[in-house]
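Have the model open as you read along.

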Amino acid sequence: MDLVEETLAGKVSAVAKMISKVERRDPEAFVAMERLYGHCGRAHIIGITGPPGAGKSCLIAALVQQFRDRGLSVGVLAVDPSSPFTGGAILGDRARMEQFSRDPGVFIRSLATRGTVGGLAEAVNGAVDIFDASGKEIIIIETVGVGQNEIDIIKLAHTVILALVPGYGDSLQAMKAGIMEVGDILVVNKSDQPGADGVVSELRMLPGKIDAKDIFEDPGIVNNEWQVPVTRTVAVKNEGISDLADLVVLHNKYLRTGDRLAAKNRNRRVNQFLDVLLKRIRMEFMNQYQNDPAFKGWIEKIETLKMDPYQASEQVIDLIVEARGKKVREVRKQ
């Protein structure tokens, strides 16, 4: 079997090689992804985000075990903000995930942000597709945890879990304007610590938020419109993890009602296309900057204040539009 066939068969070494090729932008990866793409769309994608110190790593480890206990295969992508590639320092603590090292139903991989804003690595979409095509039923993505920049996860994940902890005080108020709107499920982790009751109460008072117990008592209340549940966990003690997994399942069921899940998938594919396209355009322009005298002319005018960046950009766009129109006319003549 070739690398693509081995990936589709779920072979661990093949999946690892494929992700590495995507991360390096290896030309072979683009050819391989064309063959893998038609096998995607089966996995449930879960994003876990939240501020540093929220215990996301422990939460993920506990969730992985919960899903494995339910007989589901799991892929984990941990986005690393600190290095081009961590060399295997997964979720910031290798020992925390050691229990899954011999489990063929779990694959864990770190990805580097490489300066990408939004809390996600540049190659994460490709890695998700590889996991999906390889047969992983649950894909968990841990973002870097930098506050309101985490909103990019909503473009990718089906279900977003926002993890918080007691003790943030006024910072909770500051976060409401952005990141609070990201989560489909709000989790107060480390809820055995002082102040947990206050955080939970404050979260439940926010618009559209309810106590998770209300959903468990009457699952039908979220049939027409999802009400964001607030739940508690103590991940290191495995407390509340089963309830959290149940909430993920309920949210997945909600999405599969009507066209919701299909709409999310369509939006994700469009965003993925635009992301790839913009990166390719940027790369082409950088090549032009290095080799094209006309493009260098714009740079020199900007450097000497003979032209502002806005005017130069408009001229470049006009040239692109003109070139495209010329190409269309040539095709029509053929």
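Q: What makes β6 and strand β8 (residues 228-232) a pair, and how do they run?
A: Two strands pair if DSSP finds at least two bridges between them. Three bridges join β6 to β8, so they pair, and they run parallel. Strands here are DSSP runs of E with at least two residues, numbered from the N terminus. A note on the source: this is a predicted model, where local features need pLDDT of at least 70, side-chain atom pairs count only at pLDDT 80 or more, and totals for chains, interfaces and linings use all residues. Residues are numbered from 1 along each chain as its sequence is written, and side-chain values use heavy atoms, leaving out hydrogens and water.

Q: Which residue is the bridge partner of V188 in β8?
A: That partner is R232. In β6, V188 also stands opposite L164.

Q: How many bridges join strand β5 (residues 159-164) to β6?
A: Four bridges join them, and the two strands run parallel.

Q: Why is D211 called buried?
A: Buried means under 20% relative accessible area, exposed over 50%, and partly exposed in between (1.4 Å probe, protein chains only). D211 has 16% relative accessibility, so D211 counts as buried. You can find D211 in strand β7 (residues 209-211).
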